[in-house]
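User: I would like to learn how to read aromatic pairs, cores and helix faces in a model such as this one. Could we start with the rings?

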Amino acid sequence: MEYRYNCSKCEDRCDGKSLGIYNFKNDVEYSEHFENEIIEKLCAKKYYAKKTEKDGYPDIEVYYSKDGDLKCYIEVKAQRRTFMSVEKILPESNLIPSETMALNLSDLLRYFEISKKETVPVYILWVLSNRHCAVPDNEVKYFYQKVNILEKIYNEYKNTRTFRRKSGVGDVVNGEHKGVVVNYHFSLQELKEVKI
């Protein structure tokens, strides 16, 4: 899998400026759309999947069958934007914009702890769309990795891949700050592509 793409040669280059405006509700609805779609696709295969009811746990529980044992947990992260300034802002991250994937740092740390106490694997599944270099022709692609592998990467890079953005319009919903401002970043090179 090769996603190293020279953004300076791109004819449809992503805007490197921070949005400043973040539609938290829209981002949640976008992710939930893919959660539901993934559940449907897993259930159409030989598995049974449902949204988890466990507080703080990943989005989806997957079972071997409707009455079977738990197979794994899946956290779904849908991404439309890339971190165009990653090389400048996080120079020691070993990341380039075309392959950079983000995850809320507090969520990531929580999944590390959940993974340690669970007897089944915990996966993060990124849904990638609207990134022309990695996803041509407006396709949707799925990339995943086990949380314990992500923890090894986190331990290797530590804070060189952590970025705190400024709060912006749309981060506060009904008086509560809901927008993600501290993200940890991974490379598509560290993930596995999967067809769903």
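Analyst: Rings of Phe, Tyr and Trp (its six-membered ring) pair if their centres lie within 6.5 Å. In this predicted model, a search of the whole structure gives 7 aromatic pairs.

User: Which residues do ring pairs link into a cluster?

Analyst: The cluster joined by ring pairs consists of Phe112, Trp126, Tyr154, Tyr184 and Phe186.

User: What should I look for in the nonpolar cores?

Analyst: In soluble globular proteins, nonpolar side chains tend to be buried together. Here the largest nonpolar core has 25 residues, and among those with the most contacts inside it are Ile124, Trp126, Leu150, Tyr184 and Phe186. Two or more residues of this core come from each of strand E4 (100–104), H3, E5, H4 and E10. A second, separate core of 15 residues includes Ile39, Val76, Val127 and Tyr142.

User: Which residues of helix H4 are buried, and which are exposed on the other side?

Analyst: In helix H4 (residues 147–157), the buried residues are Val147, Leu150, Glu151, Ile153, Tyr154 and Tyr157. They cover an arc of only 160° around the axis, and therefore lie on the same side of H4. On the other side of H4, Lys152 and Glu156 are exposed. The cover over the buried residues of H4 includes helix H3 (105–117) and strands E5 (122–129), E6 (140–146) and E10 (182–187).

User: Where does the charged end of Arg161 sit?

Analyst: The charged end of Arg161 sits over the ring of Tyr157, 3.7 Å from its centre, and Tyr157 is itself one of the buried residues of H4. Elsewhere, the charged end of Lys54 sits over the ring of Tyr57, 5.2 Å from its centre.

Conventions. Residues numbered from 1 in each chain as written. Predicted model: local features only at pLDDT ≥ 70, side-chain atom pairs only at ≥ 80, totals over all residues. Heavy atoms only, no water. Buried < 20%, exposed > 50% of the residue type's maximum accessible area, 1.4 Å probe, protein only. Helix = DSSP H or I, 4+ residues; strand = E, 2+ residues; numbered from the N terminus. Arc of directions from axis to C-beta. Contact = heavy atoms within 4.5 Å. Core = buried A, V, L, I, M, F, W, Y, C linked by side-chain atoms within 4.5 Å. Phe/Tyr/Trp six-rings, centres within 6.5 Å; stacked < 30°, edge-to-face > 60°. Lys NZ or Arg CZ within 6 Å of the ring centre and 35° of its normal.
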